[in-house]
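Let's take a friendly walk through this structure together. Keep your viewer open as you read.

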Amino acid sequence: MLNGFQVAFQPINLLYCFIGVFIGTLVGVLPGLGPAAAIALLLPSTFALSPVASIIMLAGIYYGAMYGGSTTSILVNIPGEAASVVTCLDGHAMARQGRAGPALGIAAFGSFIAGTLSILILTFLAPLLVKIALSFGPPEYFSLMVLGTTLVTYFTQGSMVKALMMALVGVLLGSVGVDSISGRYRFTFGIQTLMDGLGLVPVIMGLFGISEVLLNLENLARQRRVYAAPSGGLLPNREDWRRSAIPIARGSLLGFFLGILPGAGAIIASLASYATEKRVSKHPERFGRGAIEGVAGPEAANNAAAGGAFIPLLTLGIPANPVMAILLGALMIHGLQPGPLLMQRAPDLFWGTIASMYIGNAMLLVLNLPLIGIWTRLLRVPYALLFPFILLFCLIGAYSVGNNVGDGIVMWVFGVLGYLLKKFDYEAAPLILAMVIGPMMEEALRQSLILSRGEFTIFFSRPISAGFILSAALLLILPFVTRRSEASQTHER
Amino acid sequence: MPKDLTSGIFWLAIAIFVTIEGFTKLKLGTLHQPGPGFFPFWGGLLLGTFSLMLLARSLKFHDWIAASAISWPALSLVLAALLGYLLFLETLGFLIVTLLFLLALFCFAELGWVKHVALSVIATSVVYALFKFWLKVQLPLGLFGI
């Protein structure tokens, strides 16, 4: 761990940590551009950097965005980032009461405390999990990935059937290209670009970047009113701290453990924290009217979830959300094999990244409070001026991956697809996760079957694997069972 | 047309296609040695099953919500601009294509004629400098060698 700090403190890594968290905050502040698209966009520019610096920067963008998102939520009542939706409720109410400063302040401090706490837990939990994971074989991996995908669909806000469909589509999309075991082309239709498979960067930029812009086109005319934060009053007073301390602690723990679960993550964490705070509060009617607990808890939760999300990636090599999927891609591009061996094979990267997260959180605290003025000014730029740049960067980004217009076309297609998916109420997250995990799952499945000589029972005869599969099955059956019992209850009345 | 019905049919069609592809063109292999068609076949089958479930649910509950309105002019312009950019990037070169792109899209910003053009030119130059000199990205030269 100390070695990790040594790595993180190297000037070049410090620089990229700063760049990462700065861009992250920027992305978080601007509505309509999320960390997933931004990280995908910057991925090609990390090719020239060392793996450590790349991951440090990209990770910084992720948790930085959690900080930035609260600024727009509080000041403009528009979430800058999906995970900051809840902050709009009480945060904006506080702004309307002239208390934007303390709201922003507690959001920043809460995020810092939660972020640091989650990294602390990560520091101790990660090696433990790695040890367990080292005893995993292909069947355990397959079952775990099945469970992970099921969790993702379980946590979707919409229909679970649709989410499962998205996951399946993702798996099928992941099989486009060369089949690693037989060497045959699948679903390429003779198109050159498809023969290498669907690139992660163009797909993410299309699905999350372009589609978001297309959706926002419908609301171009909307004018935004920004509430100026009073210059001196950024620090929450004693009363605020008294009220916020426990929510921050609760939010941190809740957020961290929800962040570990694939598919749960920051959004669910912040929602859960808000609901929890409201339920345990002695004055629940204050919520929605400017209760600072409604800002402190969720903001802590979403930052803690960001920290927790790194666990499955760093210890098991399994992404918990689309951002982690891109980081997975980044690791592979730099020639590193994610998984439990990552800690052994690349300790510099492993511990260096974790150490940089402490530093990054500190940087963010410093960045967010004084620079609020700049962020506010940025928000005043009309979207109509911003979106051409966003699209332009996406175009250049997609092209620059392989100097190939074909990748740009892939991005275009997925942009349209992403737009249609959102219009028809499908979630993109299961699709992306499945697309990345799909090939891994397939390989694990085939290796398992070869190991067991065609016996499917291998997944059940090994205890850990059986446990995962049963959990997955439970998650799939649960919604149907509860719905039926609800229906029968209303019938009896 | 109702949302779930439309999308259900779409995914069902895809599922059928994938399943057939998996079965015919690519070998399923045996359980001992699954072939390339194995995953697509079963994946397609599951997708088809879920699509049917979706269709059934849509028909049963008469939940016929239509998708929200699409503003076609804006959408078409942006999509055309994006596509045009990609198709002409290597023939006309980065500078020209970017300039045209920004000129087209800044229409939404409702600036005066002068500001519109000026901003497009300045923005193109800045982005060019940013990508060429700082990030060192390879940008296509195109028609006039620029």
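The paragraphs below go from whole chains to single residues and then to the interface.

First, some housekeeping. This is a predicted model, in which local features need pLDDT of at least 70, side-chain atom pairs count only at pLDDT 80 or more, and totals for chains, interfaces and linings use all residues. Residues are numbered from 1 along each chain as its sequence is written, while chains are lettered from A and ligands numbered from 1 in the order in which they are written.

Let's begin with chain A, which holds 21 helices and 2 strands; these elements are DSSP runs numbered from the N terminus, with helices being H or I of at least four residues and strands E of at least two. Its radius of gyration is 22 Å, close to the 23 Å that the globule rule gives for 493 residues, so chain A is as compact as a globular protein of that length. For that comparison, the radius is taken over C-alpha atoms, and the rule is 2.2 Å times the number of residues to the power 0.38. Along the principal axes, the C-alpha atoms of chain A fill a box of roughly 70 × 60 × 50 Å. Of its 493 residues, 59% count as buried. Here buried means that 20 or more other C-beta atoms lie within 10 Å of the residue's own; 12 or fewer make it exposed, anything in between makes it partly exposed, and C-beta atoms are placed from the backbone.

Now zoom in on helix H9 of chain A, residues 200-216. Its 17 residues reach 23 Å from first C-alpha to last, close to the 24 Å expected at 1.5 Å a residue, where the expected span is 1.5 Å times one less than the number of residues. Even so, H9(A) bends by about 35° at A:Gly206, the bend being the angle between axes fitted to the seven residues ending there and the seven starting there. H9(A) is also mostly covered, with 15 of its 17 residues buried.

Why does A:Gly438 count as buried? Because 24 other C-beta atoms lie within 10 Å. Setting aside neighbours within four places in sequence, A:Gly438 is in contact with A:Gly170, A:Val171, A:Gly174 and A:Ser175; a contact requires C-beta atoms, placed from the backbone, within 7 Å.

Chain B is next, with 5 helices and 0 strands. Buried residues make up 29% of its 146 residues. The domain assignment, which is automatic or comes from a database, gives domain 1 (3-61) and domain 2 (72-134), and the C-alpha centres of these two domains lie 41 Å apart.

Where do the chains meet? In all, 46 residues of chain B are in contact with 43 residues of chain A. Helices H1, H2, H3, H4 and H5 of chain B each give two or more residues to this side, and H3(B) gives the most, with 10 residues. By class, the side of chain B that touches chain A has 33 nonpolar, 11 polar and 2 charged residues. In this scheme Ala, Val, Leu, Ile, Met, Phe, Trp, Tyr, Cys and Pro are nonpolar, Asp, Glu, Lys and Arg are charged, and the others, Gly among them, are polar.

B:Thr98 counts as buried because 25 C-beta neighbours lie inside 10 Å. Not counting residues up to four places away in sequence, B:Thr98 touches A:Leu392, B:Thr124 and B:Val127.

Technical notes. Contact = placed C-beta atoms within 7 Å.
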